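Trainee: Before we look at any one feature, could you show me how to read a model like this one with care, step by step?

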Amino acid sequence: MLDQIRGLHHVTSMSRDGNENNHFFTDTLGLRRVKKTVNFDEPSVYHLYYGDEVGTPGSVMTYFPFPHIIRGRPGTGEVGETAFSVPEGSLSFWKERFAEKGVGGVMAEEAFGENRLRFTAVDGDSFALVESRGDERAPWTGGAVAGDEAIRGFAGAKLRLGDSGATEELLKFMGYEHADTSKGIKRFVIPGGNGADVIDLQTLPNMPRGDLGAGSVHHIAFAVDDREAQKAVRQALLDTGYQVTPVIDRDYFFAIYFRTPGGVLFEIATNEPGFDKDEDTAHLGEALKLPTQHEHRRAWLETHLPEIED
């Protein structure tokens with residue numbers, strides 16, 4: 001069993017409109033845009049990162065806004081819901097805020113002894129706010145939500161699967177422990193994690209596989225401290241029979257990827273070097289930052305990428 005996983009690092013999804021996406025996460029949710037860069041494989045498309053003040057692993061939601069992408073079809077083999085942690089007693093604030101902002105799909109519920117508020121983002125992607133006990137992570141309060149109600153980071157994520165058996169074994173191998181089952185959903189928790197500790201498994205054997213598009217999660221990333229820890233995790237996964245990519249330098253972290261038995265794309269990402277590698281903390285997410293291999297295209301990209309309004 002691995003002991004290097006710390007919880008979630010980031011979650012990366014697809015959207016259609018970069019400005020609508022940016023407005024929702026920075027204004028409606030009050031997160032900070034910590035990086036404005038481009039897709040490594042398709043530099044004509046932005047890669048936008050939102051999180052706490054410095055983009056702490058476990059707080060970062062990221063998006064690829066493809067302007068002409070179709071809406072994704074929800075199904076199995078994907079992340080079905082991403083949950084953010086908020087302080088106890090704050091859901092009434094968020095319910096009022098969502099009503100003012102016209103947020104869709106808002107529904108209060110109780111699960112695993114926690115109060116939750118479910119909602120959808122601009123592309124129909126599913127989220128929840130969870131009143132988490134004892135979450136001492138510092139929120140970003142320099143933006144649209146400056147009070148005690150601000151988001152602390154991720155609480156976790158829920159995976160939708162046709163069959164959860166092999167994914168349960170994988171999570172246990174990754175260091176997660178089965179903590180509870182509620183309404184058919186199995187909860188796994190990483191002991192002593194970074195706050196973004198929870199993975200829920202929902203089994204829906206009669207639901208078709210999801211189709212990737214706007215509103216779909218592209219991949220979910222788990223955090224390790226450094227490249228040495230990542231190397232050990234990669235070797236252990238290879239030894240177990242998983243097909244794992246070589247280490248890829250993503251500028252702000254190093255990444256490896258592998259497809260899980262349930263169909264979800266997992267990433268293992270390092271906590272180093274961080275989002276302040278090429279920007280001062282006070283100005284994170286302001287300038288367009290390009291991967292080295294695309295720097296020679298800066299002049300073209302700066303005139304062809306749609307402007308992101310702050």
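Trainee: What are the helix and strand content of residues 7-132, and how far apart are the end C-alpha atoms?

Mentor: Helices (H or I, at least four residues) and strands (E, at least two) are DSSP runs, numbered from the N terminus. Over residues 7-132 the chain is 17% helix and 45% strand, with 15 Å between the end C-alpha atoms, while residues 153-271 are 19% helix and 42% strand, and their end C-alpha atoms also lie 15 Å apart. The UniProt record, an unreviewed entry, places the feature "domain: VOC" at both spans; its positions follow the numbering used here, feature names are shortened, and annotations may be inferred rather than shown by experiment. This is a predicted model, in which local features need pLDDT of at least 70 and side-chain atom pairs count only at pLDDT 80 or more, whereas totals for chains, interfaces and linings use all residues. Residues are numbered from 1 along each chain as its sequence is written, and side-chain values use heavy atoms, with hydrogens and water left out.

Trainee: How much space lies in the largest pocket, and which residues are closest to its centre?

Mentor: A pocket is found on a 1 Å grid over the protein atoms alone, as an open set of points where a 1.4 Å probe fits, with protein on both sides within 12 Å along at least five of seven lines; lining residues have an atom within 4 Å of a point. Grid points are joined across faces, edges and corners, and a volume is the space filled by probe spheres set on the points. The largest pocket holds about 500 Å³, and of the 30 residues that line it, Glu114, Arg116, Val130, Arg187 and Asp200 are the closest to its centre. Strand 9 (153-161) is among the strands that supply at least two residues each, and with 4 residues strand 9 gives the most to this lining.

Trainee: How many residues of each class are in that lining?

Mentor: Ala, Val, Leu, Ile, Met, Phe, Trp, Tyr, Cys and Pro count as nonpolar, Asp, Glu, Lys and Arg as charged, and the others, Gly among them, as polar. By that scheme the lining of the largest pocket has 9 nonpolar, 7 polar and 14 charged residues.

Trainee: Is strand 13 largely enclosed or open, and why?

Mentor: Buried means under 20% relative accessible area, exposed over 50%, and partly exposed in between (1.4 Å probe, protein chains only). In strand 13 (residues 217-224), 7 of the 8 residues are buried, so the strand is largely enclosed by the rest of the structure. Two strands pair if DSSP finds at least two bridges between them. Strand 1 (residues 8-15) runs antiparallel to strand 13 and is joined to it by 5 bridges, with Val11 having Ile220 as its bridge partner. Strand 16 (residues 265-273) pairs with strand 13 in the parallel sense, again over 5 bridges, and there Ala223 stands opposite Ala269.
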